[in-house]
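Hi,

Here is the structure I promised to pass on. Have a look at it first, and then read my notes below.

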Amino acid sequence: MNRLVRAETRRLLRHPLALTLAVLFVFGSLYCAWVSQNMASYNIKQVQANLDYLPRSCDSPQNTPEQKDKCLAEVPLQAVGLERIQDRFTAEGVRAAHAQHPVGSLLWTVRLLTSIPGLALLVMVAAFSVAGEWSRGSIVPLLLYESRLSRLLAAKALAVWAWSLVLLCVSAAITAAFGLLYGRNAYTLPSPGALGTVLADTALGVLTGAAVLAGAAAVAVALGALLRQPMRTFLAGMLLLVLVVRTSAAPGLGAWLPGGALADLVGFGAVDGVWDHFWISTDPSTAPVLLRVLPTLALIGLLWLGLDRFNRTRDRA
């Protein structure tokens, strides 16, 4: 099994489509990092400038003493509203500042990779590297080497998962280099926190993100094995992804469905605004998120059991 996983991983890492998609993701992630830092820095500066100008706005020569006194009385109320906006912009700046941190860049990147852009690429890789084996007929020599289809598909799922983890590390390193060499000087942002805090948050984010990627790889490979046509697999995977995202805020059930549970597990509600609007769980639940992930794991397990039964029936026929 280990030899099969290593062979599948090497094949996938050299696959032209996988390499092309990896390059696209790296540049896309870099662009998102640049935009988020630019936006966050600009917003923080603007709201601070408005707060500094607020008391002076009453000093207009056209104001009568009564108007000036009324204006000054309203300044604290206006300052409260601006301070709320400043707190939100500061929180966004802290999240964007993770892309300028050598460790925090992993947390910033894993959230993009487990959101719509990254999962769409993962579905595409699985569609053309797994379902493509059947459409090209190259699955035959692989089955001669490993006759148990379940083991072969498990190896392919592990290879897709390994590809996503390698992509995560490479993209995070490039994003961190951009943030350290250029971003920190060009965009002043709040500190993401002490090193220990960043390490703890990043470790938790990477572990949960890796678990989500493993589940997504298993589902994508299962779809490829069931449909056995790359385009069909890609379209089915994208429809499933849209369904997962759209049901994440379903009233009463959203927190227990895959979209809501995964959004809370990875922390999309605390992601930078560049992609935050794609996938947010807006159906709060007091149940622990690990408990709410269990139905998703059960669905993935049932999918693989059904895949094994379906392939045995079809291959016999």
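Of the 317 residues in this protein, 45% count as buried. Before you go further, keep in mind that this is a predicted model, so everything below is computed from it.

**Overall picture**

If you take the contacts between residues at least 6 apart in sequence, 83% of them join residues at least 24 apart. As for the surface, the protein exposes about 16,200 Å², with carbon and sulfur atoms supplying 67% of that.

**What the record says**

The UniProt entry, which is unreviewed, carries the annotation "transmembrane region" for residues 112-132, 153-182, 202-227, 234-257 and 289-307. I looked at two of those stretches in the model. Residues 112-132 are 90% helix and 0% strand, with the end C-alpha atoms 26 Å apart. Over residues 289-307 the figures are 95% helix and 0% strand, and there the end C-alpha atoms are 28 Å apart.

**The largest pocket**

The largest pocket comes out at a volume of about 660 Å³. Its lining consists of 27 residues, and those nearest the centre are Val219, Pro258, Leu262, Thr296 and Ile300. Which helices build the lining of the largest pocket, with at least two residues each? They are helix 5 (116-136), helix 8 (195-227), helix 9 (230-246), helix 10 (258-266) and helix 12 (294-316). Helix 8 gives the most, with eight residues. The make-up of the lining by class is 23 nonpolar, four polar and no charged residues.

Ala127 sits in helix 5. Is Ala127 buried or exposed? With a relative accessible area of 0%, Ala127 is buried, since the cut-off for that label is under 20%. Leaving out neighbours within four places in sequence, Ala127 is in contact with Gly132, Pro230, Thr233 and Phe234. The C-alpha atoms of Ala127 and Leu223 are separated by 7.9 Å, although the two residues are 96 apart along the chain.

Arg228 belongs to the loop between helix 8 and helix 9. Please check its backbone when you have the model open: phi of Arg228 is near 60 degrees, a positive value in a residue other than glycine. Arg228 also counts as buried, because its relative accessible area is 15% and the limit is 20%.

Helix 4 (residues 104-113) is mostly covered, with nine of its ten residues buried. Those buried residues are Gly104, Ser105, Leu107, Trp108, Thr109, Val110, Arg111, Leu112 and Leu113. Two of them, Trp108 and Thr109, turn up again as contacts of Thr175, a residue of helix 7. Beyond residues up to four places away in sequence, Thr175 also touches Ser29, Leu30, Ala33 and Ala99. Thr175 is buried, with a relative accessible area of 0%.

Leu149 is in helix 7 as well, which covers residues 149-186. Leu149 counts as buried because its relative accessibility is 14%, under the 20% cut-off.

**Val289 in helix 11**

Val289 is in helix 11, which covers residues 289-292. How does Val289 score for accessibility, buried or partly exposed? Val289 counts as partly exposed because its relative accessibility is 22%, and buried would need a value under 20%. Setting aside residues up to four places away in sequence, Val289 touches Ala261, Asp264 and Leu265. From Val289 to Gly260 the C-alpha separation is 9.4 Å, for residues 29 apart along the chain.

That's what I have from this model. Over to you!

Cheers

Methods. Residues are numbered from 1 along each chain as its sequence is written. This is a predicted model: local features need pLDDT of at least 70, side-chain atom pairs count only at pLDDT 80 or more; totals for chains, interfaces and linings use all residues. Side-chain values use heavy atoms; hydrogens and water are left out. Buried means under 20% relative accessible area, exposed over 50%, partly exposed in between (1.4 Å probe, protein chains only). Contact means heavy atoms within 4.5 Å. Accessible areas come from the Shrake-Rupley method with a 1.4 Å probe; for residues, only the protein chains shown count as cover. UniProt positions are given in the numbering used here, feature names are shortened, and annotations may be inferred rather than shown by experiment. Helices (H or I, at least four residues) and strands (E, at least two) are DSSP runs, numbered from the N terminus. On a 1 Å grid over the protein atoms alone, a cavity is a set of points where a 1.4 Å probe fits but cannot get out, and a pocket is an open set with protein on both sides within 12 Å along at least five of seven lines; lining residues have an atom within 4 Å of a point. Grid points are joined across faces, edges and corners, and a volume is the space filled by probe spheres set on the points. Ala, Val, Leu, Ile, Met, Phe, Trp, Tyr, Cys and Pro count as nonpolar, Asp, Glu, Lys and Arg as charged, and the others, Gly among them, as polar.
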